[in-house]
Amino acid sequence: MTTPKAAPDAVVRTYHSDQVPPLLDVIAGIWAESHPEFGGDPGAEAAGLPVDALRRQVTGHLKHPGFTLVIAHAGGAAVGFGYAFPCSADYWFGPELVDQVPEAARTERLMGLCELAVRPPWQGRGIGSLLHAELIASVDPQWSSLLALPSNRRGRNLYTRLGYVYAGPYRNAPGGPGFDLLLLRLDRPTG
């Protein structure tokens with residue numbers, strides 16, 4: 001895993017389930033700005049990718065024990081966010097894929113990384129790495145997994161730098177958008 005090289009004035013704050021509802025507008029704004037490809041796209045609603053779908057997704061995930069939201073602040077504004085939670089392999093990978101991932105990813109502590117987004121002017125400055133590092137420190141998993149759109153080159157480049165590897169294709173619904181399932185094994189000190 002790569003050590004973050006964050007913008008010098010970036011500060012990351014951590015929030016838990018009960019603190020998140022008032023922050024939904026903040027993270028929705030970051031998400032919309034960092035995903036302009038979904039703005040005004042009528043197909044985005046069917047794919048479950050517009051801002052309203054993000055709000056529903058986050059609200060649904062708040063019920064998971066260990067839910068963690070991190071927001072990066074720089075220059076007096078919220079510039080990026082990420083959220084994740086510990087989960088079971090059966091929940092995260094689903095019945096079609098669970099047997100295809102490494103056994104350790106099914107039996108050791110797993111973190112489902114649901115979103116990681118940084119406003120475009122702040123991309124490439126280490127904010128995504130900083131957010132990721134804070135989620136890892138807060139959730140303390142042995143494995144992390146996420147879904148990435150194959151077309152998201154910038155995100156894929158970040159995930160590759162962080163050490164994620166491709167684990168297979170994933171669809172969360174028949175006929176839904178295709179994602180790449182990525183996995184990261186976190187090194188643990190021995191002894």
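Student: How many disulfides does this predicted model contain, and by what rule?

Tutor: The count is 0 disulfides. A pair of cysteine sulfur atoms must lie within 2.5 Å to qualify. Cys87 is in no disulfide, the nearest cysteine sulfur being that of Cys114, 7.4 Å away.

Student: What makes Cys87 and Cys114 count as buried or exposed?

Tutor: The term buried requires under 20% relative accessible area. Cys87 has 15%, and is therefore buried. Cys114 has 16%, and is therefore buried.

Student: Why is Phe93 called buried?

Tutor: Its relative accessibility is 1%, and the cut-off is under 20%, so Phe93 counts as buried. Phe93 lies in helix 4, residues 89–97.

Student: Which residues does Phe93 touch, leaving aside those up to four places away in sequence?

Tutor: Phe93 touches Val98, Val101, Ala105, Leu110, Ser145, Tyr170, Leu181 and Leu183. Contact here requires heavy atoms within 4.5 Å. Phe93 and Leu181 are 88 residues apart in sequence, while their C-alpha atoms are 8.7 Å apart in space.

Student: Which residues of the largest nonpolar core touch the most other members?

Tutor: Among its 34 residues, they are Leu69, Phe81 and Phe93. At least two residues of this core come from each of helix 1 (24–34), helix 3 (51–61), strand 2 (68–74), strand 3 (77–87), helix 4, strand 4 (110–118) and strand 7 (178–185). Strand 3 gives the most, with 5 residues. Apart from this core lies another, of 25 residues, which includes Leu146, Ala148, Leu158 and Leu162.

Student: What does Phe81 touch, again leaving aside residues up to four places away in sequence?

Tutor: The contacts of Phe81 include Ile27, Ile30, Trp31, Leu54, Leu69, Val70, Ile71 and Leu131. Glu115, Leu116 and Ala117 are also among them.

Student: How do you know where the buried residues of helix 3 lie around its axis?

Tutor: The buried residues of helix 3 are Ala53, Leu54, Val58 and His61. Viewed down the axis of helix 3, these residues fall within an arc of 135 degrees, so they line one face of the helix. An α-helix has 3.6 residues a turn, so residues three or four places apart point the same way.

Student: What covers the buried residues of helix 3?

Tutor: The covering elements include helix 1, strand 3, helix 4 and strand 4.

Key
Residues are numbered from 1 along each chain as its sequence is written. This is a predicted model: local features need pLDDT of at least 70, side-chain atom pairs count only at pLDDT 80 or more; totals for chains, interfaces and linings use all residues. Side-chain values use heavy atoms; hydrogens and water are left out. Buried means under 20% relative accessible area, exposed over 50%, partly exposed in between (1.4 Å probe, protein chains only). Helices (H or I, at least four residues) and strands (E, at least two) are DSSP runs, numbered from the N terminus. A nonpolar core is a set of buried Ala, Val, Leu, Ile, Met, Phe, Trp, Tyr and Cys residues joined through side-chain atoms within 4.5 Å. The arc is that of the directions from the helix axis to the C-beta atoms.
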